[in-house]
Amino acid sequence: MMERSKLKAMVQRAQEGIVEKSRVGVVRNPEGGNKGRFVLFHAAMSFCSQKVRATLAQRGSSFDSNDMFILGHRGADGILVPAENYAPDYVRLRLQGKASMGRLVGAYSGVSSVSNAGLDPCAVPTLVDLDTGEVVVDSSRICVHIDAVIPGPNRLVPADPLQLENMQRQLEAVDLTPHPGLLYGFHPEDDRRPAAIKQAMSSVYEEKIEALTALIKANGDDAELVAAYQAKIAKEDGGRKVRYDATFQNELRSTTRSILVKLEGDLRNNEFTWLCASHVTLADLFWAVSLVRLKYLGLAGLWSDLSQIQAYLDRLLELPSIQSEVVASTIASMPPSAYLAP
Ligand SMILES: N[C@@H](CCC(=O)N[C@@H](CS)C(=O)NCC(=O)O)C(=O)O
């Protein structure tokens, strides 16, 4: 918990690392409640950020949006422009949320689950709640926090203990789906990602490590920041090593398939209108984000024989929060995919 003025100053410094000011402090869902309360650092393309934005839309809450570019690029002069989420003041802000999350990430697993892999200090999303003075990291925790502090109906976290337990299991299933591995990795014979994604991913790890190494050099006097960048390098270097590893890439697919088969069974046995309750819960939003991303990557074949999942996805796609914060924002921010039509 931090004093409001101190937290606001940290937010302001983190915002300075975002190049185009048109992406900074934009009030989203302006008709919604809680104006001026939530400050979100996120990225349009990031599936973890999509979970949070869908939650805010579903709860009808406004927020101050700081939309970051999370992939670095090499300028015409050959100089590397680092991803905005590596900027020292953003990482310092994010590290304020570390106390409640435990250790930093130390290795690559293809999964971005914090409980499994540790906290990535240079990732999005990060939520600042100016009313409680908290910096909240990790998309699942952020969404639970938002739902808990917004009063009123349309709660996304069920009160019933059994439904709650089931919802938490579903959030974990999405969290353990190896999305980063599937987006960044090269499958040996069935890589359906858009050509521009393949191109970007062929040098992404080297660029990340180069940027982080330069940031360590420039911030050598800040031990906490250096440790954060070192943790991030350890993770990204692990990713670099398995990017073309056929066994690893096949395992990512079979892990994903097992998680989907379990979902199919849960849908088949489901007694509710939605996955965990008679109302929409976070589980539905998270699954929407996950399934849309898999579809974008050309991986809908993983559930082509699982009819409940297809019908479930069709219903999820009718939610306006999913249409705007997941489908439209994927299409607007990522290279076009033949598998995800507007
Ligand atoms: N478990 C974390 C994962 C965060 C994460 O891995 N974010 C990705 C985008 S979905 C990111 O920032 N990637 C950019 C990078 O790591 O450089 C969460 O759910 O918030």
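## Buried positions in the helices

Leu285 is buried, with a relative accessible area of 0%. The model in which this value was computed is a predicted one. Leu285 belongs to helix H12. Leaving aside residues up to four places away in sequence, Leu285 touches Ala54, Thr55, Gln58, Leu156, Val280, Leu319, Ser321 and Ile322. The C-alpha atoms of Leu285 and Ile146 are separated by 14 Å, and the two residues are 139 residues apart along the chain.

Ile146 is one of the buried residues of helix H5, which spans residues 139-149. Which elements cover the buried residues of H5? The cover includes helix H2 (47-58), strand E6 (126-129), strand E7 (134-137), helix H6 (161-175) and helix H12 (282-296). Helix H12 is also where Leu285 is found.

Arg37 is located in the loop between strand E1 (26-28) and strand E2 (38-42). Is this arginine, Arg37, buried or exposed? Its relative accessible area is 11%; because the limit for a buried residue is under 20%, Arg37 counts as buried. The side chains of Arg37 and Asp129 are joined by a polar contact of 2.9 Å. Not counting residues up to four places away in sequence, Arg37 touches Asp129 along with Val128, Leu130, Asp131, Thr132 and Val149.

## Aromatic pairs and charges over rings

Five aromatic pairs are found in a search of the whole structure. One of them joins Tyr108 and Phe248 in a tilted arrangement, with 6.1 Å from centre to centre and 45 degrees between the planes. This pair links distant parts of the chain, 140 residues apart: Tyr108 is in the loop between helix H3 (88-95) and helix H4 (114-117), whereas Phe248 is in helix H11 (residues 246-268). Both partners are buried, Tyr108 at 17% relative accessibility and Phe248 at 16%.

A tilted pair is also formed by Phe186 and Tyr244, at 4.6 Å centre to centre and 35 degrees between the planes. Phe186 lies in the loop between helix H7 (179-184) and helix H8 (195-201), and Tyr244 in the loop between helix H10 (223-242) and H11, so the pair ties together parts that are 58 residues apart in sequence. Phe186 has a relative accessibility of 13% and therefore counts as buried.

Ring pairs also build a cluster, whose members are Tyr108, Tyr184, Tyr205 and Phe248.

The charged end of Arg193 is placed over the ring of Phe186, 4.3 Å from its centre. Arg315 lies over the face of Trp274, at 4.0 Å from the ring centre.

## The ligand site

How many residues surround the ligand? There are 16, and the closest are Ser112, Val124, Asp138, Ser139 and Lys232.

| Residue | Ligand atom | Distance |
|---|---|---|
| Asp138 | nitrogen | 2.9 Å |
| Ser139 | oxygen | 2.5 Å |
| Lys208 | oxygen | 2.9 Å |

Taken alone, the ligand exposes 510 Å², and the protein buries 94% of that area.

## Backbone features

Pro125 is in the loop between H4 and E6.

The loop between E1 and E2, which holds Arg37, also contains Asn29 and Asn34. Asn29 has a phi near 50 degrees, a positive value in a residue other than glycine. Asn34, likewise not a glycine, has a positive phi of about 60 degrees. Asn29 is partly exposed, with a relative accessible area of 22%, and Asn34 counts as partly exposed at 25% relative accessibility. Arg37, by contrast, is buried at 11%.

Conventions. Residues are numbered from 1 along each chain as its sequence is written. This is a predicted model: local features need pLDDT of at least 70, side-chain atom pairs count only at pLDDT 80 or more; totals for chains, interfaces and linings use all residues. Side-chain values use heavy atoms; hydrogens and water are left out. Rings of Phe, Tyr and Trp (its six-membered ring) pair if their centres lie within 6.5 Å; planes under 30 degrees apart count as stacked, over 60 as edge-to-face and the rest as tilted. Helices (H or I, at least four residues) and strands (E, at least two) are DSSP runs, numbered from the N terminus. Buried means under 20% relative accessible area, exposed over 50%, partly exposed in between (1.4 Å probe, protein chains only). A charge sits over a ring if NZ of Lys or CZ of Arg is within 6 Å of the ring centre and within 35 degrees of the ring normal. A residue is near a molecule or strand if one of its heavy atoms lies within 4 Å of it. A polar contact is a pair of N or O atoms within 3.5 Å; within protein, one must be able to donate a hydrogen and the other to accept it, and residues adjacent in sequence count only if both atoms are side-chain atoms. Accessible areas come from the Shrake-Rupley method with a 1.4 Å probe; for residues, only the protein chains shown count as cover. Contact means heavy atoms within 4.5 Å.
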